[in-house]
Amino acid sequence: MDQLHIIIASTRPGRIGPSVARWFHEVAREHGSFATTLIDLAEVNLPMFDEPKHPVLQQYEHEHTKRWSALVNAADAYVFVVPEYNYGPPPPLVNALNYLVKEWQYKPAGFVSYGGISGGLRSVQMIKQTLTTLKIMPMVEAVTVPMVQKHMSEGPQFTPSDQHNSAATTMLDELARWSAALKTLRV
């Protein structure tokens with residue numbers, strides 16, 4: 001079974017990303033096309049990129065990079081749970097992407113974005129340029145959660161609408177198709 005890594009991109013205190021990610025993780029598990037792993041960039045805790053050699057060489061000196069490389073390499077597909085910060089993606093996500101090159105290649109990625117009125121769409125659009133440079137295939141299908149605070153309850157707990165659940169299933173269907181197709185490019 002293909003491996004899907006669901007990556008929580010926000011690391012700031014008080015974030016709601018983990019709640020949104022836990023909901024999506026459960027939807028992905030029930031979908032059944034992937035074995036799923038939830039990865040929190042706050043727990044990965046990468047410093048600002050600090051490898052002395054270019055990542056394309058894969059000559060990593062730091063243990064945190066070696067661990068991150070193994071995690072990313074183990075996946076066949078990714079879903080980034082991403083908010084929008086000042087019309088762009090959170091810096092920890094950009095940093096985590098830039099740590100590696102070959103480990104990302106020829107894999108599809110989906111997005112669960114959240115935020116205010118735009119639902120994090122501007123963040124997703126900005127990060128797609130980086131993803132395609134890393135030879136990651138971003139999906140068109142996505143889950144977008146505008147006005148995310150309206151879907152939060154105590155805890156905080158994310159309460160999805162039927163539209164969010166439907167969009168998640170559609171995106172997972174596409175990720176499964178692309179994951180199977182792109183395997184032929186990974187040697």
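1. Strand β1 (residues 2–8) and β3 pair in the parallel sense, with five bridges between them. Within that pairing, L4 has A77 of β3 as its bridge partner. Two strands are said to pair here if DSSP finds at least two bridges between them. Helices (H or I, at least four residues) and strands (E, at least two) are DSSP runs, numbered from the N terminus.

2. A word on the basis: this is a predicted model, in which local features need pLDDT of at least 70 and side-chain atom pairs count only at pLDDT 80 or more, while totals for chains, interfaces and linings use all residues. Residues are numbered from 1 along each chain as its sequence is written, and side-chain values use heavy atoms, with hydrogens and water left out.

3. β3 also pairs with strand β4 (residues 107–114), in the parallel sense and over six bridges. You will find V81 opposite V112 of β4, and F80 opposite F111. To get from β3 to β4 the chain passes through helix α4 (residues 91–98), and this β-α-β crossover is right-handed; that is, with the strands pointing away from the viewer, the path from the first strand over the helix to the second runs clockwise.

4. How enclosed is strand β3 (residues 77–83)? Seven of its seven residues are buried, so the strand is largely enclosed by the rest of the structure. Buried means under 20% relative accessible area, exposed over 50%, and partly exposed in between (1.4 Å probe, protein chains only). In a regular strand the side chains alternate between the two faces of the sheet. In β3, A77, V79, V81 and P83 point one way, and Y78, F80 and V82 the other.

5. β4 is mostly covered too, with eight of its eight residues buried. K107, A109, F111 and S113 point one way from β4, whereas P108, G110, V112 and Y114 point the other way.

6. Strand β5 (residues 136–138) pairs with β4 over three bridges, and M137 of β5 is the bridge partner of P108. β4, helix α5 (residues 121–133) and β5 form a right-handed β-α-β unit. Strand β6 (residues 143–145) pairs with β4 over three bridges, with T144 as the bridge partner of S113.

7. Lastly, helix α1 (residues 17–31): at 1.5 Å a residue, its 15 residues should span 21 Å, and its end C-alpha atoms are 21 Å apart, which agrees. The expected span is 1.5 Å times one less than the number of residues. Buried residues of α1 include W23, F24 and H25. G32 follows α1 and has a positive phi, near 85 degrees.
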